[in-house]
Amino acid sequence: MKRNVLLLLVFQLLTAFGLQAQETIRLGIIGLDTSHSEAFIKLINGENQAPDYVGFKIVAAYPYGSPTIESSYNRIPKYTETAKSHGIQITSSIAELLKQVDCVLLETNDGTLHPEQATEVIKSGKSLFIDKPVAARLSDVLAIYKLAEEKQVPIFSSSALRFSPRNSELRNGNGPEGKVVGADCYSPCTNEPSHAGFFWYGIHGVEILYTLMGAGCQSVTCTSNEGSDVAVGVWEDGRIGTFRGLRNSSHSYGGTVICEKKVVPAGGYEGYEGLLKSILTFFRTGKAPVSPSETIEIYTFMETANESIRQGGKPVNTKDIYNKALSLVKN
């Protein structure tokens with residue numbers, strides 16, 4: 001009896017010691033010019049930290065993002081104060097930030113800055129989450145993923161819209177609806193001159209489309225006017241998926257999913273928690289929840305839609321657009 005009690009006490013002491021010995025994973029944020037930064041700070045460094053966020057702490061932030069996009073740079077002072085109030089050190093450079101952290105959240109809203117910023121992080125060898133968009137054009141997206149592969153550094157990018165539980169269920173095709181045979185998705189799609197077409201904000205709705213349909217789009221046809229864009233993708237197995245970009249209507253996210261047995265609504269925006277949990281799991285494991293190939297295809301779809309618009313709405317082959325962008329990537 002005494003032996004059992006002694007063994008139990010030893011076990012409890014070892015368990016307690018093990019918990020205390022676990023190191024907190026130190027996170028750094030690049031870019032305090034987006035609401036995502038403020039949301040992540042409050043969720044991870046807040047007083048009532050949820051169990052999913054235990055073991056992580058944002059310790060440093062480099063605040064500077066876009067110098068040209070007013071809706072972005074106007075946020076920096078406010079979000080910098082939020083960071084300071086949550087015990088985060090504000091650094092004067094990315095190099096200074098990298099000395100203090102284990103993993104990085106690249107939150108700069110302006111995708112034109114991502115190639116330079118991501119390159120600095122990747123060369124440091126630290127795991128990297130890149131918030132949407134990966135970059136402002138397809139060739140830069142390919143260059144970032146190429147460098148990460150060469151350096152064997154885990155990277156991951158996604159819109160929060162991917163992590164609607166309903167869309168994940170529908171993609172699996174195991175429910176009463178059956179497999180997805182098509183989808184019509186929509187999201188706001190405001191234009192930003194420095195970013196190619198859907199890259200700035202339409203990425204959200206295209207992410208919904210790919211969450212439901214998976215990869216495999218062969219061609220895209222896109223019609224565009226001042227009020228909206230409609231891109232029609234044809235998948236290699238014959239399925240058709242569409243994205244409607246909204247500019248003069250409701251600011252909402254969602255779609256209609258055509259399944260084998262039912263036609264049902266797609267999931268919409270449900271906050272940042274699902275995305276953040278996936279990011280932190282990625283930082284723990286080094287395994288991205290979305291494959292690089294699928295993420296790259298999302299940006300190929302969007303650039304193919306841009307080319308279709310330039311060609312007056314003609315169908316354009318996605319492989320041609322991918323190869324053209326790849327040729328622009330330096331070896």
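Buried, in these notes, means under 20% relative accessible area. The model I am reading is predicted.

**Entry: Ser72**

I looked up Ser72 and found it in helix H3, residues 70-73. Its relative accessibility is 0%, so I put it down as buried. I then listed its contacts, leaving out residues up to four places away in sequence: Ser72 touches Asp33, Ser66, Asn109 and Trp200. I also checked Ser72 against Asp110, which is 38 residues away along the chain; their C-alpha atoms are separated by 7.8 Å.

**Entry: the six-stranded sheet**

I traced an open sheet of six strands in the order E3-E2-E1-E4-E5-E6, and its pairing is parallel. Strand E3 (89-90) and strand E6 (155-158) are the edge strands, each pairing on one side only. Helix H7, residues 138-151, packs on this sheet and touches strand E5 (127-131) and E6. The direction of H7 makes about 150° with that of E6.

I then followed strand E1 (residues 25-30) and strand E2 (residues 56-62), which run parallel and are joined by six bridges. Opposite Ile25 I found Phe56 in E2. Helix H10, residues 273-285, lies across E1, E2, strand E4 (103-106), E5 and E6. H10 runs at about 160° to E5.

**Entry: the loops on either side of H7**

Which residues does the cis peptide bond join? I found Lys132 and Pro133 there, with omega about -15°. Pro133 is in the loop between E5 and H7. Lys132 turned up again at a ring: its charged end sits over the ring of Trp200, 5.6 Å from the centre.

In the loop between H7 and E6 I looked at Gln152. Its phi is near 55°, a positive value in a residue other than glycine. Most residues other than glycine have a negative phi, and most peptide bonds are trans. Is Gln152 buried or exposed? I noted 73% relative accessibility, so Gln152 counts as exposed.

**Entry: nonpolar cores**

The largest nonpolar core has 63 residues. I looked for the members that touch the most other members, and these are Ile122, Leu128, Phe198, Tyr299, Phe301 and Met302.

**Entry: aromatic pairs**

How many aromatic pairs does the structure hold? I noted 13. Phe40 and Tyr272 form one that is edge-to-face, with 6.1 Å centre to centre and 75° between the planes. Phe40 lies in helix H2 (residues 35-45) and Tyr272 in the loop between strand E12 (263-265) and H10, so this pair ties together parts that are 232 residues apart in sequence. Phe40 has 0% relative accessibility and counts as buried. Tyr272, at 16%, counts as buried as well.

Tyr62 and Tyr64 form an edge-to-face pair too, 5.5 Å centre to centre and with 75° between the planes. Tyr62 is buried at 16% relative accessibility, whereas Tyr64 is partly exposed at 48%. I also marked a cluster in which ring pairs link Phe129, Phe156, Phe163, Phe282 and Phe283.

**Entry: Thr82**

Thr82 is in helix H4, residues 76-85. With a relative accessible area of 11%, Thr82 is buried. Not counting residues up to four places away in sequence, I found that Thr82 touches Glu38, Ile41 and Lys42.

**Entry: the seven-stranded sheet**

I traced an open sheet of seven strands, in the order E12-E11-E7-E10-E9-E8-E13 and with mixed pairing. E12 and strand E13 (316-317) stand at the edges with a single partner strand each, so one side of each has no neighbour in the sheet. Helix H8, residues 165-172, packs on the sheet and touches strand E7 (180-188), strand E11 (254-259) and E12. The direction of H8 makes about 155° with that of E12.

Strand E9 (residues 228-235) and strand E10 (residues 240-246) run antiparallel, joined by seven bridges. I found Ile240 in E10 as the bridge partner of Val234. Helix H9, residues 203-213, lies across E7, strand E8 (217-224), E9, E10 and E11, and runs at about 165° to E7.

How values were computed. Residues numbered from 1 in each chain as written. Predicted model: local features only at pLDDT ≥ 70, side-chain atom pairs only at ≥ 80, totals over all residues. Heavy atoms only, no water. Pairing = 2+ DSSP bridges. Helix = DSSP H or I, 4+ residues; strand = E, 2+ residues; numbered from the N terminus. Contact = heavy atoms within 4.5 Å. Axes fitted to C-alpha atoms, helices over the stretch in contact; angles between N-to-C directions. Core = buried A, V, L, I, M, F, W, Y, C linked by side-chain atoms within 4.5 Å. Buried < 20%, exposed > 50% of the residue type's maximum accessible area, 1.4 Å probe, protein only. Phe/Tyr/Trp six-rings, centres within 6.5 Å; stacked < 30°, edge-to-face > 60°. Lys NZ or Arg CZ within 6 Å of the ring centre and 35° of its normal.
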